[in-house]
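Please work through the exercises below with the sequence and the 3D view side by side, and try each task before reading its solution.

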Amino acid sequence: MRHSNYQVNKPGLLILAAIFVISGMASAQTGSISGVVKTKDTGAPLAGANVVVIGTAMGGASDVNGKYAIANVPAGAYKLRATFIGYQQLIKEIKVTAGETVVADFALAETGLLGQAVVISASRRSEKLTEAPASMAVVDAEEIEHNGALTCGEALSHAKGVDTYRTGIDGVGINARGFMSAFNYRTQLMVDGINAIAPAYGLSLNNLLAAPRDDIERIETVLGPSSALYGPNAHNGLVNVITKHPRENSGTSVTLGGGQNSVLIARLRHARAMGRQLAYKLSGEYMQAKDWIKNDLVAIDNNNNRYFEEPDPDVKNLRADGGIYWLLGSGAEIAAFGGYSEITSTSTNNVGRTQFDGFAYNFQALRFHSSYFFVQAYRTGNGIGSFHSIDNRIGAQVSAANAGQPISKEEAARRVKLIDESKRYNFEAQYNTMISDFRVVAGLNHEDSRPITKGTFLTDTSGTKLRIRQTGAYGQVERELGTRWKFIVAGRYDTHDNYDSQLSPRTAVVYKMPGSGAFRLTFNQAFQAPSISQQEIYTPVGIDARTGLPVRLRGNGHGFELSTGVAIPSLEPETNTTFELGYNGLVLRKFSLDANVYHSRYKNFASPLTVIGVSGNKPPAIPLPTVVSQGGVALPSRPEVVLTYLNFGKVNLTGFDLGLNYQLSGKVGLWLNYSYVNPSGLGDKVNDLNRDGVVDPGELSFNTPENKYSLGLVLHDLLKKGTHATLSMRHVAEYDFVSGRHRATAAGRGTGVFQFVDRGPLGGFYSVDLNLSWRLDNGVQLNLSVANLLDEPMREMVGSPSIRRLAIAEIKYSFRR
């Protein structure tokens, strides 16, 4: 593994030093609070329950015996709230006296649903899940702890309405509501509100997230358009990974594990509150494994030598995060935090496969928040390591062999090595307040992307620097009428260097039912910004079989001019307009329902890679137009076939998601998730990209199963005290998937050549998963996770190996405080 030569961030060190310098122990007289959190029905302790002092940042989490403690609480009267997923929250009034400890025990009643959970991603503020004005899927810390998922994408594989596409041991694509591609960019990926999409590529690589598993509090997924508050890229939805706060989740834990495919795992988390004001955390994770292999033939040289993909089977993931949190008083807090991740892995893209070797991502952030204000600034970047296109590597070997100067696989990889030292700077400010009876959220954010690839795959060749800026202003107003009705109006206005300004409105009506549950009716309009690579990519992609000319992939951020006088406009954003009706809450005392039906109108898709002509001195016999210039700049004289992206088409989409949860008792639960989606208009004339009278799947493919469902049985403390077992099954219907040069279709099975042979549709599998966990009284927890228990070959993504059984065992030790 390569080591970073990452330079010290001097401003960041000065900020941290300033925090320590101004830190001092509070001089006010204080007391403390302690107690035990148990279940109301059985009296069993609840480990991991949150107990907070309402209106402050003070709080704690219960240990394996249900005990919690909150120190250095200023004398006075408070309200204390205890919460735990699947249980009703409970609030107690207490009075703290200086020098004394107040005992406050809690007995929480089970609800059997997530309705009492509090989420933040739907409205950029805290609210009950059942009352959020959006369809959401939430995976909580307990589920993550019992699940052997190696990435957050895998943890979402059973979530309602979420499509996951596994490409290997650590690779999982995430999408919702259609039009997935091998170039995974349609879902906004965030960690604690930090944009985690790769700065240059524009990919949502969840195996590159700098969030170790033991530090994840929950994963909130908003299904459907969310641009009204989050802007570009929150087009099909967003995934927000929320990490644990050290003040609410303090302690130290060490986890070791291993399993099939030579999996080895090590995780460490340490968090501590030092007095009332200062808290810090540090966590890390390392995983290595041998991936499943797909080793297809790619090329044959003039001497009949055959060249196969030969991907590196080694998978390595390194993740770390940490932060310092300083409580200023009155609930205000300042935090300095950051993260680092590094991967060695193989992934699929639209034109083949990419080999990553020590490729790294990092971020540094400074945040202030209070009851009314939220301000943060952060930097994200890529660097060190290397990566290359497997197809380009083999192309270099074939070219060298045909010239009589053969080279090794390693030398070919060096010659086609891609560089990504890109950086992105973000600033955001938000204000929350009540004006009369109106709750108002208003904010502004600015993003400054600076791709640096040194011409290896973007247009930042020698003497050219890329810089792409976008700014958005958003606002939301809520008004409650009585105790039942809530009305919401929101909107966002975005400007961008490369395309026209965009307006994203949202309206919603929420009707709260007596008890726990709410209906919602929403309207959203969102947009998908062209990725930086779609705008600025500049890379060779082989030889055109028809003309014998080299092929150059050029991004379309600035438009093209043809010799015929035709001007091809630059890419504009894709739009999505969605109407949705949903309900989330209790139906009976132990039976919950989360259901939604939606209708969406998609317009202005970014096309698959499309030939628009030949640049340079085109041979007269070639029946293609000449591409004269790009963005007003004349193209080189060397003839090349030009591939690029165009806008076209529109499709209507209707679907529904259904989630059922039944709690038979405090120890036994059942759940079922089902999703159906059906596009209409795929074959319409407007979607005929090449105007040949037929809409080919290669022009516009939905790339999503029409039906999928998962169901599960959960046993808690049934086999033995402290045990947890989940047996689940997932079914994905067969479906066609076409992306770039990859095809997986029923009609085209067996067609194509080499690594792009069509092997038939994806999906069509049943996967059974088993998770067992046993938490002992001495702080030890044992986990066994078996994904794809029956070892059924599962094809979840084009250009990727079949997914087989993966069993992993872990032992975790939590040190007593």
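The model is predicted, so local features need pLDDT of at least 70 and side-chain atom pairs count only at pLDDT 80 or more, while totals for chains, interfaces and linings use all residues. Residues are numbered from 1 along each chain as its sequence is written, and side-chain values use heavy atoms, with hydrogens and water left out.

**Exercise 1.** Find where Thr151 lies and decide whether Thr151 is buried or exposed.

*Solution.* Begin with the loop between helix 2 (141-146) and helix 3 (152-155), where Thr151 is placed; helices here are DSSP runs of H or I with at least four residues, and strands are runs of E with at least two, numbered from the N terminus. Next, take the relative accessible area of Thr151, 6%. Buried means under 20%, exposed over 50% and partly exposed in between (1.4 Å probe, protein chains only), so Thr151 is buried.

**Exercise 2.** Which residues does Thr151 touch, not counting residues up to four places away in sequence?

*Solution.* With contact meaning heavy atoms within 4.5 Å, the residues that Thr151 touches are Asp170, Val172, Asn206, Asn207 and Arg319.

**Exercise 3.** Locate Gln525 and classify its accessibility.

*Solution.* First, find strand 33 (residues 517-528), which holds Gln525. Then note that Gln525 has a relative accessible area of 28% and is therefore partly exposed. Finally, look across to Arg601, which is 76 residues from Gln525 along the chain, and find the two C-alpha atoms separated by 9.4 Å.
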